[in-house]
Amino acid sequence: MKLAIIGTGYVGLITGACFAEFGYQTVCIDKDENRVNDLNNSKCPFYEPGIEDLLDKHLNKTKLLSFSNSLSASIHDADIIFITVGTPTKRIEGEADLSFVWNVAEEISNNINKYCIVVTKSTVPVGTTKEVKSIIAKKINEKNFDVVSNPEFLREGSAINDFMRPDRVVIGCENKKSEDIMKELYRPLYLLETPLISTTVESAEITKYASNSFLATKISFINQVADLCEKVGADVQDVAKGMGIDKRIGNKFLHAGPGYGGSCFPKDVKAFITTAQKHDVDLSILSSVDTFNENRINKISKKIISKANLNKGDYVSLLGLSFKPNTDDVRDSTSLKITKLLQDRGIFVKAFDPEAMDNAKKENTELQLFDSAYEACEDTKAIIIGTEWNEFRALNFLKIQKSSKNLIIFDLRNIYNAKEIEELGLQYFGTGK
Ligand SMILES: NC(=O)c1ccc[n+]([C@@H]2O[C@H](COP(=O)([O-])OP(=O)(O)OC[C@H]3O[C@@H](n4cnc5c(N)ncnc54)[C@H](O)[C@@H]3O)[C@@H](O)[C@H]2O)c1
């Protein structure tokens, strides 16, 4: 089976490299020339554990993987074409911007000349895959291609493992022919007994949004409980433990913090709300999740400013800029949002992140960046732990205290024990404690 993947972002590149690992001849296409040049030199455009080894193996040794700038030269002999381009939020309406998907559909329609399956792997609102079909059908007879929705559930930071050992694969097909081909494609996962959920195209599209929205809801829920815990002397970590042990609830995504960020949850929640509104359906539970999450950063910034008595010209240190550990992705990062709010009040932010500093600097040129957590924490009034990277879990606060007196720690991710920090003579504020 020959595969073509259009878009070499987090999803496209991981998908391409992992399918090559399964043994498929795979070409990955991107319109970004620099990105393709880098990839052809085994250079990954972003940080993701394990990806450079896979790239090197299949680009240079097995030669199963290749990269190209030209869609027209690359898809003509593909059996399955995956659309993995971005679907960001439209600035004003909150709905998904599908312009990249439409452009690719148009280009595909101009370049296929044998039967193939066109798969939407990007996260797209219900109805999009059928719309892709209509665009292609303007030029290609419907007998000569099928469309499938096969949403991706990988997480940045553990993307390769998530792709190779997924909890489930969802495929939404219109007929048995395309369903059988998709099942054959994912046959390497049968060995692991991965559940393969075969559904309609519409159900597959909705499954992705419903999954991300549910996880976002769980996060906002525990964050609201955390706010209550702070007021009444309870500890949200104990509460979450007590709740999560109940198998009906589960202990995942019950970590209180600064709110959800990243390239998926914020935009997917908004897009799902818009889809519901278009169909006149009440999904107000999600509007509440979205609004609460948006406002949370303001509240946290105000809390930091007031508890640390921060004034114009003061310095604070921020550890962690990526939206979560093990990635350099800063899209919708809560750390960067807090930074901006502090800077707006004339407060200087000194920061360190193990991988995300280059991307963060592009977003916020006033950020002062340092080579280590310790350097970023010199001469500061407060330390904010914004992302729970492993290397922030055992900081030597005695060393930090030498250059910064009366330090206050804002542990937004609850990675420290309050008592231990207070015993060192520092003030500690966790989330929901
Ligand atoms: N990032 C994640 O963790 C994740 C997880 C699951 C699903 N998704 C979904 O997958 C999709 C892709 O996300 P991403 O984070 O990989 O996006 P991304 O923005 O990192 O990458 C998209 C790539 O597509 C390329 N592209 C755009 N138009 C193109 C065209 N006409 N031809 C060729 N290349 C083109 C861009 O140059 C870019 O390199 C989104 O819908 C997203 O919601 C993302």
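Helices (H or I, at least four residues) and strands (E, at least two) are DSSP runs, numbered from the N terminus. By that count, the protein has 17 helices and 14 strands. This is a predicted model: local features need pLDDT of at least 70, side-chain atom pairs count only at pLDDT 80 or more, and totals for chains, interfaces and linings use all residues. Residues are numbered from 1 along each chain as its sequence is written.

**Overall shape**
- The radius of gyration, taken over C-alpha atoms, is 23 Å, close to the 22 Å that the globule rule gives for 433 residues, so the protein is as compact as a globular protein of that length.
- The globule rule is 2.2 Å times the number of residues to the power 0.38.
- Along the principal axes, the C-alpha atoms fill a box of roughly 70 × 50 × 40 Å.

**Burial**
- Of the 433 residues, 45% count as buried (20 or more other C-beta atoms within 10 Å of a residue's own, with C-beta atoms placed from the backbone).

**Around the ligand**
- The ligand is surrounded by 27 residues (C-beta atom, placed from the backbone, within 6 Å of it).
- The closest are Gly 7, Gly 9, Gly 86, Ser 122 and Thr 123.
- Helix H1 (10–22) and helix H5 (99–109) are the elements that give two or more residues to this shell.

**Helices H11 and H12**
- The axes (lines fitted to C-alpha atoms over the stretch in contact, with angles from 0 to 180 degrees between N-to-C directions) of H11 (residues 265–278) and H12 (residues 284–307) come within 9 Å and cross at roughly 145°.
- H11 brings Val 269, Lys 270, Phe 272 and Ile 273 to the contact, and H12 brings Leu 286, Ser 287, Val 289 and Asp 290 (C-beta atoms, placed from the backbone, within 7 Å).

Terms used. Two residues are in contact if their C-beta atoms, placed from the backbone, lie within 7 Å. A residue is buried if 20 or more other C-beta atoms lie within 10 Å of its own, exposed if 12 or fewer, and partly exposed in between; C-beta atoms are placed from the backbone.
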